[in-house]
Amino acid sequence: MRLRRRTFLQGTAAATAAGLYAPAVLAQAKFKVAGIHASPVENAWNSRLHGAMQEAAAEGKIDYVFSEGVSGTDYGRAMRDYCEQGVDLVVGEAYAVESEAREIAGQYPDVGFLMGSSSGPAGENFGTFGTWNHEAAYLAGMLAAPMSQSGVFGAVGAIPIPEVNMLINGFRAGVTRVRPDAKHLIGFIGTFFDPPKAREAGLAQIDAGADILFGERIGTADAAKERGIKAIGSLIDYTPRYPETVFANAMWYFSPLLMAAVADKQAGTPTGRDYTPYCLMKEGGNDIEFAPDMVPEDAIGPMEEVRAAIKAGTFEVPVDMSEPT
Amino acid sequence: MTDLLDILLTAGLWSSTFRIATPLIFGTLGALLCERAGVLNLGIEGIMTFGAMIGWLTTYLTGDLWSGVLAAALAGAAFGLLHAVLTVTLGLSQHVAGLGITLFASSSSYYVFRLAVPVQGTPPTVEAFAPLALPGLSDLPWIGPALFTQTPLTYLALVLVLLTAWILARTPLGLAVRLTGENPHAAEAQGLDPVALRYGAIMAGSALMGVGGSFLTLAAFNSFFPTMVQGRGWICIALVVFSTWRPMRALLGAVLFALFDAYQLRLQAVFGKAVPYQLFLMLPYVLSILALVVMARRARVPQALMKPYRRGER
């Protein structure tokens, strides 16, 4: 059948109308969450948000729609679009659009917001969160400490923003707890998305004597793999990607934050608060994931003790946001 | 202080330098070729991105690395053809057309990637080029591990520099390309076809840009990220000026820039506390600007650069 212009127009008009109408109907049926990702969802950090929301959707707790690779100039428009569609909760990142995002949130009081932000919550509905997995990094440091021959530990980070700093400092504190004489190297690559550069930074640290690398950035473990040393991943589980190399991962889980915000919104509690505490290990927001066969056996026991103490609330990993040197 | 010099003498630094330099060598050579024929190609950043994507994707689908490199070259040439239609045939602004191609190529590489590869946790990987130790040469002390234990693409880049330098300086074809960049009317008077020459130079140059991009996903790393070119294309544009439009100096410029970059990564490890790391990150750019200031005084810009050629027009 030839597609006639009129048929085509009627078809697209009907589809558009259905598309516009459907969200309003669904929103009443199920809690609707919109994810707005500034990067592709493969990016480690975004993949945590995306994965948690997909999982919640699969379990039937929410409906999830998303946009990825939304640039700063488009971000506000995307927020408004989803608000106009009548979503209940917008999840995303305000880093590049801090004031604009807050302004838009003020215009849509019926929508809740859960945004990664360098600043605090605003108004009734603009909730924020930081990315804290320093406790898991601390535990990874405890495991790593006895594994080094040289006693030199490298770390490759993007840019020394507080969240990156506290993560690397957490790792270092864990190493130092077991091995007070450890020497630490740091390399910042000045960008978030340059794996080849992170790899070069890792190689530079190996040349300087490091034989354990903490990879805040993807690419670091490639350097470790190339030179046959061990590495630690952050945020996601890198062990499947580098099976012989990455022995531990400082995992970060977004589900506790998401479900807390969803619960608030459903209960009618204002979402304009700081959700960062849900990142803590005792809330299930971060934890260590490690390969026991790659780690010295006697390192696991003490680490598990500290892990239990953190979960029980009897031990607190220091939060140090100063720039590691 | 001795630390500073010690780093300069390590083979690791120089090995890193040539790895960092490789995409810059391809890109600079490509941009230089376009400009020698009289056309500025600001599409480079996008063409490198597309080359990185299509090179990776082809290898991912076929399992063959050289097919990936070939695909990157062909895709680069296709974007070059588009740029040539816009700037040579239609005589449009080379700045606008080039930036348009960068936007188009970057966005479409994201689009194609997303269509071809379903969303997942981390992007899938390919088995990247392994360093190839050249027999005999790689055993040399110091220079062996630095220069002769690289991936095949690095060797290819170095060979292409020599080849381009020879073609431009010593062959009738090279003379014709240069003449087209200096004075296309004179070229036409010599019975040459400036339009065809420009088309050829832009397509060949863009193919090199594509291959430079593919180095990032097939040798420097083994996955594609839509934002991973990170301004390397723009650095190449600056390096062309630095090189005063000569291939051998382009090589020098790319290596020098990469050396500063590799050096700063190592300085961070040594100095850590004493100096803010941002100063080290600035280093390659600041030193490149300084070098540019010195070199650009003697620059001989192709006289017809950015001037569209219209047959019979005076």
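**Reading pockets, a strand and a core**

A: Let's start with the largest pocket, whose volume is about 950 Å³. The model is predicted: local features need pLDDT of at least 70, side-chain atom pairs count only at pLDDT 80 or more, and totals for chains, interfaces and linings use all residues. Residues are numbered from 1 along each chain as its sequence is written, chains are lettered from A and ligands numbered from 1 in the order in which they are written, and side-chain values use heavy atoms, with hydrogens and water left out.

Q: Which residues are the closest to the centre of the largest pocket?

A: A pocket is an open set of points on a 1 Å grid over the protein atoms alone, where a 1.4 Å probe fits, with protein on both sides within 12 Å along at least five of seven lines; lining residues have an atom within 4 Å of a point. Volume is the space filled by probe spheres set on the points, which are joined across faces, edges and corners. Here 39 residues form the lining, and A38(A), S39(A), N43(A), E93(A) and F193(A) are the closest to the centre.

Q: Which helix gives the most to that lining?

A: Helices are DSSP runs of H or I with at least four residues, strands are E runs of at least two, and both are numbered from the N terminus. In the largest pocket, α3(A) gives the most, with seven residues.

Q: How do I read the side chains of strand β5 of chain A?

A: In a regular strand the side chains alternate between the two faces of the sheet. In β5(A) (residues 126-129), F126(A) and T128(A) point one way, while G127(A) and F129(A) point the other way. All are buried, meaning under 20% relative accessible area with a 1.4 Å probe, protein chains only.

Q: In which sense does β5(A) pair with β4?

A: Strands pair if DSSP finds at least two bridges between them. β4(A) (residues 112-116) and β5(A) pair in the parallel sense over four bridges, with L114(A) opposite G127(A).

Q: How many residues does the largest nonpolar core have?

A: A nonpolar core joins buried Ala, Val, Leu, Ile, Met, Phe, Trp, Tyr and Cys residues through side-chain atoms within 4.5 Å. This one has 131 residues, and F129(A) is among those with the most contacts inside it. α10(B) gives the most to this core, with 13 residues.

Notes: Buried < 20%, exposed > 50% of the residue type's maximum accessible area, 1.4 Å probe, protein only.
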